[in-house]
Amino acid sequence: MLQGIFGHGHNGRVFTRPGMEVARGVLDAHTKRHQAVPGEHLAGQTANFVVYSDGSADGDTAAQAMLKSAESDYAAVQQWFGNLTPPNLPCNVYTDPDAGGAYHITCAGTDIHVLPDPVQAPGFLTAEIVEVFEAAINNGWDCGRTNGESLSRVLAFELYPEIAGEFNQTEQDWWAQGHVDYVNDNSAGDTDQVASGCGDLFLYYLHSQLTFGWDAIAQAGGNSLGACYQALTGYDPAQGFNDFITALSTIDQGGSLNLPASGNPFPLKT
């Protein structure tokens, strides 16, 4: 569990757009504390967030977008996680052109860097807020592995469906590459987009096919998505994965999945 809270090495915990990555030097620069960039300034603050702009026009607009939505997004995530309050608040949020999406140095880290995109910044911030709650609840979600990364993604997509479409290809790639069982094997890191594509779909399966609420899923936890399934259903996680594959096979079209724009094909008739 400590590995999930403090990270695997000092690579940082990242949520990036497919095909993008955060340079190691960018992460290393903020390992001990945030290093301000020229032009950085305070954009505003709320009860749980202090938001800074990098000084660019997009950074200023993105900062205002996050200030507008951050508290309502925090409240939604807090409810999913049983109304707990994470330590080390407020979150210090920085617009960062090198973010590639969003990152923080540890799962529990409340210094959060987010891309300066006025439309997408609130959704990427939400994913990192989820990871802070994952560390606080301490029930098996590991933001540095598939289970925690995928939960942070799908909960962000729940509040910001407009960013989900960018990640549909990760689901397709997982299916096309033989649909490996990343539900019960949680060894893949948070930058493994294929593993996260599997995790996203399985969480959709738990929520929309098996009808478990996001609050039940988040609070069930487990050291893999299979363990979460077992905690929720009482059934063998290997059977859960097999049933999941059987359901997806009904929308297979020559090696690809017939997915909606949201990336969530469930519920399906099986």
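Phe, Tyr and Trp rings, the last by its six-membered ring, count as a pair when their centres lie within 6.5 Å. Keep that in mind for the first close-up; the model in all of these views is a predicted one.

View 1. The structure holds 15 aromatic pairs. Take Phe 202 and Tyr 205: their ring centres sit 5.7 Å apart with the planes at 35 degrees, so this pair goes down as tilted. Planes under 30 degrees apart would be stacked, and over 60 would be edge-to-face. Both residues belong to helix 7, three residues apart, or about one turn of the helix. Phe 202 has 0% relative accessibility and counts as buried; Tyr 205, at 6%, counts as buried too.

**View 2. Trp 174 in the largest nonpolar core.** This core has 64 residues, and the ones touching the most other members are Phe 81, Val 114, Trp 174 and Phe 244. Helix 7 (residues 193-209) is the top contributor, giving nine residues to the core. Zoom in on Trp 174 and, leaving aside residues up to four places away in sequence, you'll find it touching His 179, Val 180, Tyr 182, Val 194, Cys 198, Leu 201, Phe 241, Phe 244, Ile 245 and Leu 248.

**View 3. Strand 4, covered on both faces.** In strand 4 (residues 91-95), five of the five residues are buried. Cys 91, Val 93 and Thr 95 are on one side, with Asn 92 and Tyr 94 on the other.

**View 4. The neighbours of strand 4.** Strand 3 (residues 49-53) pairs with strand 4 in the parallel sense, over four bridges. To get from strand 3 to strand 4, the chain runs through helix 3 (residues 57-80), making a left-handed β-α-β crossover. Strand 6 (residues 111-114) also pairs with strand 4 in the parallel sense, again over four bridges. Tyr 94 makes a handy landmark here: Tyr 52 stands opposite Tyr 94, and Tyr 94 stands opposite His 113 in strand 6.

View 5. Glu 131 is part of helix 4 (residues 121-137). Its relative accessibility is 0%, so Glu 131 counts as buried. The side chains of Glu 131 and Ser 152 are joined by a polar contact of 3.2 Å.

Technical notes:
Residues are numbered from 1 along each chain as its sequence is written. This is a predicted model: local features need pLDDT of at least 70, side-chain atom pairs count only at pLDDT 80 or more; totals for chains, interfaces and linings use all residues. Side-chain values use heavy atoms; hydrogens and water are left out. A nonpolar core is a set of buried Ala, Val, Leu, Ile, Met, Phe, Trp, Tyr and Cys residues joined through side-chain atoms within 4.5 Å. Buried means under 20% relative accessible area, exposed over 50%, partly exposed in between (1.4 Å probe, protein chains only). Helices (H or I, at least four residues) and strands (E, at least two) are DSSP runs, numbered from the N terminus. Contact means heavy atoms within 4.5 Å. A polar contact is a pair of N or O atoms within 3.5 Å; within protein, one must be able to donate a hydrogen and the other to accept it, and residues adjacent in sequence count only if both atoms are side-chain atoms. Two strands pair if DSSP finds at least two bridges between them. A crossover is right-handed if, with the strands pointing away from the viewer, the path from the first strand over the helix to the second runs clockwise.
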